[in-house]
Amino acid sequence: MRRAQTAIEYLFMLAAVLVLVLIAARTIFQSMQTINNSINKYINQTRAQLLENL
């Protein structure tokens with residue numbers, strides 16, 4: 001009986017850790033997308049300014 005309870009507790013802890021890892025990975029992915037979009041926007045603006053000055 002105690003072994004089953006320990007196994008269930010272990011599985012719940014594992015599930016909680018997996019959920020936290022997924023949340024962290026999603027947050028990191030969204031942040032990287034935002035940074036990438038900002039860099040692309042900056043590059044496009046800089047390119048447009050350079051072409052205007054030529």
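Visitor: In which helix is Leu11 found?
Guide: This is a predicted model. Within the model, the residue Leu11 belongs to helix H1.

Visitor: Is Leu11 buried or exposed?
Guide: The relative accessibility of Leu11 is 52%. Exposed means over 50%. Leu11 therefore counts as exposed.

Visitor: Which residues form a nonpolar patch on the surface with Leu11?
Guide: The patch has about 530 Å² of accessible area, taken together. Besides Leu11, its members are Tyr10, Met13, Leu14 and Leu18.

Visitor: Where is Thr27 placed, and what does its side chain lie 2.8 Å from?
Guide: Thr27 sits in helix H1, which covers residues 2-53. A polar atom of the Thr27 side chain is 2.8 Å from a backbone oxygen, that of Ile23.

Visitor: Why does Thr27 count as partly exposed?
Guide: Partly exposed lies between the 20% limit for buried and the 50% limit for exposed. Thr27 counts as partly exposed because its relative accessibility is 42%.

Visitor: What does the C-alpha trace span along its principal axes?
Guide: The spans are given along the principal axes of the protein. They come to about 80 × 5 × 5 Å.

Visitor: What percentage of the 54 residues is buried?
Guide: Buried means under 20% relative accessible area. Of the 54 residues, the buried share is 0%.

Notes:
Residues are numbered from 1 along each chain as its sequence is written. This is a predicted model: local features need pLDDT of at least 70, side-chain atom pairs count only at pLDDT 80 or more; totals for chains, interfaces and linings use all residues. Side-chain values use heavy atoms; hydrogens and water are left out. Helices (H or I, at least four residues) and strands (E, at least two) are DSSP runs, numbered from the N terminus. Buried means under 20% relative accessible area, exposed over 50%, partly exposed in between (1.4 Å probe, protein chains only). A polar contact is a pair of N or O atoms within 3.5 Å; within protein, one must be able to donate a hydrogen and the other to accept it, and residues adjacent in sequence count only if both atoms are side-chain atoms. Patches are made of residues with over 30% relative accessible area and no salt bridge: like charges are joined within 9 Å, nonpolar side chains (Val, Leu, Ile, Met, Phe, Trp, Tyr) within 5 Å. Accessible areas come from the Shrake-Rupley method with a 1.4 Å probe; for residues, only the protein chains shown count as cover. A salt bridge is a side-chain nitrogen of Lys or Arg within 4 Å of a carboxyl oxygen of Asp or Glu.
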